[in-house]
Amino acid sequence: MKRIAVMTSGGDAPGMNAAIRSVVRSATAKNIEVFGIRQAYAGLLSGDLERLTSRDVSGILQRGGTILQTARNDEFKTPQGQRRGLRRLNEHGIDGLVVIGGDGSLRGAMALHKLGLPVVGIPGSIDNDIWGTDMCIGVDTALNTILGAIDRLRDTASSHERAFVIEVMGRSCGYLALMSGIMGGAEAILIPEADMELEEVARRLEDAYLKGKNHAIAVVAEGAKHSAADVAKFVENKSVGFEVRLTILGHLQRGGSPTAYDRLLASRMGIKAVSCLAAGQYGVMVALHGREMATVTLEDVTSKPAPINMDDYEMAEMLSQ
Ligand code: ADP
Ligand code: F6P
C-alpha cells in the first residue's frame, strides 16, 4: 500500500480531527502517502482531494469539527455514484481508504469494499449508535457538553422551582439521553428503546414536587416516541406543581474541543485503521472492546442494530427515586 485517502462523513463529531491526524502521521511513518478527501462522499465524487503531510495536521488535535469538512450526499447511495467514486480514487492512484463517520457513512464504506476497494472504517458519531464498538469518537465530549448544560439548567430550575424538559440528540438511539439522564440526575428519561407515557412523566415530576425537591428534570431523546415539546406541553397542562420550561440543546452538542477520552480514542483508532490497511485487513471497522482496540466486519456493522444496555435503564429508574 503506497497511497491512501481519508475522509470524515455524516454528522461531525469532536475528535474527528484527532483521528485524521493519527491516520496521517501513522501512515507517514510507514511511508504511505495520505490524501484528504474534502466534504466526504460529495468531495469524492467531485474529486476534491488534497495531499496531507504530517505538518498539515499540526495543531488540530484539540479542535472540534473536522478540517476536512463533512457532507451528506444522496448520489453516493446509488450504484452509479459508488462506481464513480471508485473511479475518482483510481484516477488519484489511491489504493486504500479510511472512512471516519457514523452508520450511514460506514454503509458507504461497505459499498466501496464490495466494489473491491481496500477500506477500513472508524466509528465517529456522537450518537453511539454503531454496532460492534463500546464507544464512538465524539460521544464522551457530547455527553460532557450535555451534562454541563443540565447542571446549568438545574441551577436556574432550583432558583425558580421549575421543571425542565431537555431534548438531546441521538437520532433513533437513546444512548446520549440515557447516560446524560443518569449522570444529570433526571427524574424521567424518555428514549426510543423504552417508551414512557406522558402520564408517567407527569407523575414523576409531580412526585418530585410533593417530595419537596425544588426542581425536576426530564431528559428526552430526539427519537423518543413523545417529543420534548409534547412532553413539556402535557406536563404544563397537568399542573404538577412546578412551572415548566423546554430546552432543546440542538447542535451545540456536536461542537467543542474533544475531551481527553475522545482524543485518546481517536488517536488509537487512527493508528489501528492504518495498521489494518498495511496488514491487508480490509472491509472492517476498528472498534473499542473494553480497553482493547479490535476489529469487526463492516458487513456486521451495517447489518446489526446497536443495542442499548437495559441494565443502565434499570439503574436510571433506581436512582431517580
Ligand atoms: P452518519 O454517517 O452520521 O450516520 P448519514 O446517515 O447521513 O450520516 O450518512 C452520511 C453519508 O453516507 C450519506 O449522505 C451518504 O453519502 C452515505 N451513505 C449513507 N447511507 C448509505 C448507503 N446505504 N450506501 C452508500 N452510501 C451511504
Ligand atoms: O448523527 C449525529 C446527529 O447529530 C444526530 O444526533 C442528529 O439527529 C443529526 O446528526 C442532526 O443532523 P444535521 O446536522 O443534519 O441536522
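On a 1 Å grid over the protein atoms alone, a pocket is an open set of points where a 1.4 Å probe fits, with protein on both sides within 12 Å along at least five of seven lines, and a molecule sits in a pocket if more than half of its atoms lie within 2 Å of its grid points. The model is predicted, so that local features need pLDDT of at least 70 and side-chain atom pairs count only at pLDDT 80 or more, while totals for chains, interfaces and linings use all residues; side-chain values use heavy atoms, without hydrogens and water. Residues are numbered from 1 along each chain as its sequence is written, and ligands are numbered from 1 in the order in which they are written.

**Exercise 1.** Determine where ligand 1 sits and which residues come nearest.

Solution. Step one is the location: ligand 1 sits in the largest pocket. Step two is the shell, where a residue is near if one of its heavy atoms lies within 4 Å; of the 16 residues around ligand 1, Arg72, Asn73, Asp103, Gly104 and Ser105 come nearest. Helix H4, residues 103-114 (helices are DSSP runs of H or I with at least four residues), gives the most to this shell, with five residues.

**Exercise 2.** Carry out the analysis for ligand 2.

Solution. The surrounding residues are Arg72, Asp127, Met169, Gly170, Arg171, Glu222, His251 and Arg254, and by class they divide into one nonpolar, two polar and five charged; Asp, Glu, Lys and Arg count as charged, and Gly is among the polar ones. Oxygen atoms of ligand 2 lie 2.5 Å from a side-chain N or O atom of Arg72, 2.7 Å from a polar side-chain atom of Asp127, and 2.5 Å from a side-chain N or O atom of Glu222. Taken alone, ligand 2 exposes 400 Å², and the protein buries 75% of that. The space that ligand 2 takes is the largest pocket.

Conventions: On a 1 Å grid over the protein atoms alone, a cavity is a set of points where a 1.4 Å probe fits but cannot get out, and a pocket is an open set with protein on both sides within 12 Å along at least five of seven lines; lining residues have an atom within 4 Å of a point. Helices (H or I, at least four residues) and strands (E, at least two) are DSSP runs, numbered from the N terminus. A polar contact is a pair of N or O atoms within 3.5 Å; within protein, one must be able to donate a hydrogen and the other to accept it, and residues adjacent in sequence count only if both atoms are side-chain atoms. Accessible areas come from the Shrake-Rupley method with a 1.4 Å probe; for residues, only the protein chains shown count as cover.
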